[in-house]
Amino acid sequence: MRKQIVILGGGTGGTMTANRLRRRFDRDDAEIHVVDRDNRHVYQPGLLFVPFGLAQIDEIVRPRRRQLRGGVVFHENEVESVWIERDEVLLDDGTVLPYDVLVVATGVRLQPEETEGMGGPGWNERVFTFYSPEGAEQLHRALESFDRGRLIVNLVDMPIKCPVAPLEFAFLADWYLRESGVRKNVELVYSTPLDGAFTKPVASEHLAGLLSEKDIELVTEFNAGEVDGVGGTLTSYDGRTLDFDLLVTVPLHGGAAYVERSPGLGDALGFVPTDKQTLQTPVAPNVFALGDATDVPTSKAGSVTHFEAEVLAENVVRFLEGKELDAGYDGHANCFIETGFSKALLIDFNYDTEPLPGRFPTQAGPLPLLRESRLNHLGKLMFQWFYWHALLPGREIPGIGPAMPTAGKRHVATHTT
Amino acid sequence: MTATLIADAPVDVDAEGFLTDPEQWNERIAEAIARESGIPELTDRHWLVVRFMRDRYLSTGTAPSIRSLGKESGVPIKELYELFPKGPAKLAAKIGGIPKPRGCI
């Protein structure tokens with residue numbers, strides 16, 4: 001009997017999963033379907049560079065269909081809902097896709113409307129986000145003419161995709177404004193609901209140090225509740241107000257809209273509860289999930305999705321063969337953090353080990369961890385090539401697997417998360 | 001972790017005063033922690049939130065974030081901040097005798 005594998009989402013996780021599974025199964029053994037509402041695959045790390053004119057949208061977007069191996073069926077449709085009891089997915093054109101295995105890989109949805117005033121007057125005039133291609137382009141235009149005033153970089157609340165991205169934005173904004181010769185006229189502020197610059201203690205201290213070196217004011221425990229995009233104020237739930245001339249915000253994130261329309265699939269925020277080691281969901285044994293769409297307790301990031309995809313594809317095969325699942329995902333995440341002036345940091349961590357200084361992937365390097373270097377910056381730039389040509393097709397990168405390497409890390413005592 | 005007495009009951013707390021064993025909790029402990037945190041009296045609305053936090057922690061092993069609290073407890077986020085000034089999720093967890101929410105990653 002030919003098995004039906006249905007993958008919701010044709011982004012990083014869905015594409016990698018489809019391509020890996022396509023290689024594992026003969027066409028006579030499995031039919032693989034990928035559903036996405038559009039045919040635009042965005043290389044999301046590239047969005048960070050667009051506001052500074054360092055990348056153009058057309059350089060970071062490719063057709064989703066073309067990233068999928070031959071023999072994968074692509075449906076350009078919105079998902080209406082998932083009928084878990086019937087093992088079926090209903091698409092917006094009335095198509096019903098029955099499945100033996102369902103993989104949820106629909107990432108997150110930006111929800112500016114969940115914050116009072118956000119998305120209303122002043123949106124894309126004085127209040128921007130670079131988390132969407134359109135927003136990143138609009139912000140580029142605004143930054144080109146911004147030469148004085150108060151620029152606030154804000155994240156409304158966790159979880160967000162790539163938790164380091166707003167910090168990187170602040171570092172790059174400092175660099176950009178210095179290059180343009182107007183930094184002295186600009187007050188740069190970084191406001192976060194966290195109690196430090198970042199979630200993990202050792203990295204948080206390093207990053208707070210960088211903010212202060214670059215003369216960026218850090219405002220912590222600021223839970224933004226309301227924005228006035230005309231008057232230029234951002235107010236927290238506990239009544240504090242920050243004035244701005246330009247606000248760059250990361251809006252609230254939730255799961256895809258169909259998750260809410262599918263009883264039993266997601267939690268209150270639309271994320272899909274997922275076993276953090278096997279990536280099977282408690283929703284049903286034949287429903288798996290990966291990437292930003294899950295509630296797995298690690299960063300929502302492409303590197304996480306990539307490491308998860310290896311484990312998930314293996315587990316889908318095992319499940320269909322009636323074998324025990326591999327509890328192989330350890331929470332491994334790996335991020336370059338762009339710090340401006342052609343330098344970047346690299347952090348590497350998992351569920352149990354926070355980002356530590358040292359070298360990556362082994363003691364012999366070549367990349368320094370938690371320290372600014374030009375090589376890390378080149379690594380970040382080169383990564384886009386790897387993404388399209390190695391990661392999405394589902395090829396392995398030698399020496400970098402799902403399990404976090406420990407050889408090059410210097411363990412710092414007395415810190416607990 | 002330190003052993004201490006709250007409302008005459010022996011409890012273990014972490015460096016910030018969060019109970020490390022939810023089983024040691026009772027309502028008098030909750031009232032004592034609330035008073036110490038600047039909430040003179042726990043109203044029905046406070047209790048609704050505290051119980052929601054506690055039930056959720058005991059059934060799932062994690063405390064809800066402020067956002068899910070606002071969506072699921074029936075108390076909107078604005079009111080949560082009025083009830084528990086500064087950090088509603090943190091403070092309600094402390095009063096409810098569950099460990100400090102780990103926050104996000």
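Reply: Begin with strand pairing. Two strands pair if DSSP finds at least two bridges between them. Note that this model is predicted. In chain A, A:T235 stands opposite A:T241 in β17(A).

Me: Over how many bridges do β16 and β17 of chain A pair, and in which sense?
Reply: Strands of a sheet pair through backbone hydrogen bonds, either parallel or antiparallel. Here, β16 (residues 233-236) of chain A pairs with β17(A) over three bridges, in the antiparallel sense.

Me: In which order do the strands of this open sheet in chain A run?
Reply: The order is β15-β16-β17, three strands with antiparallel pairing. On average, neighbouring strands are turned by 20° against each other, direction ignored.

Me: Now the interface. How many residues of chain A are in contact with chain B?
Reply: Contact here means C-beta atoms within 7 Å. By that cut-off, 14 residues of chain A touch 13 residues of chain B. The chain A side has seven nonpolar, five polar and two charged residues.

Me: What pattern does chain B follow along the sequence?
Reply: Chain B reads β-β-α-α-α-α-α. That is five helices and two strands. Its radius of gyration is 13 Å, close to the 13 Å from the globule rule for 105 residues, so chain B is as compact as a globular protein of that length.

Me: What share of chain B counts as buried?
Reply: A residue is buried if 20 or more other C-beta atoms lie within 10 Å of its own. In chain B, 37% of the 105 residues qualify.

Key: Residues numbered from 1 in each chain as written. Chains lettered and ligands numbered in written order. Predicted model: local features only at pLDDT ≥ 70, side-chain atom pairs only at ≥ 80, totals over all residues. Helix = DSSP H or I, 4+ residues; strand = E, 2+ residues; numbered from the N terminus. Axes fitted to C-alpha atoms, helices over the stretch in contact; angles between N-to-C directions. Contact = placed C-beta atoms within 7 Å. Nonpolar A, V, L, I, M, F, W, Y, C, P; charged D, E, K, R; others polar. Rg over C-alpha atoms; globule rule 2.2 N^0.38 Å. Buried ≥ 20, exposed ≤ 12 C-beta atoms within 10 Å, placed from the backbone.
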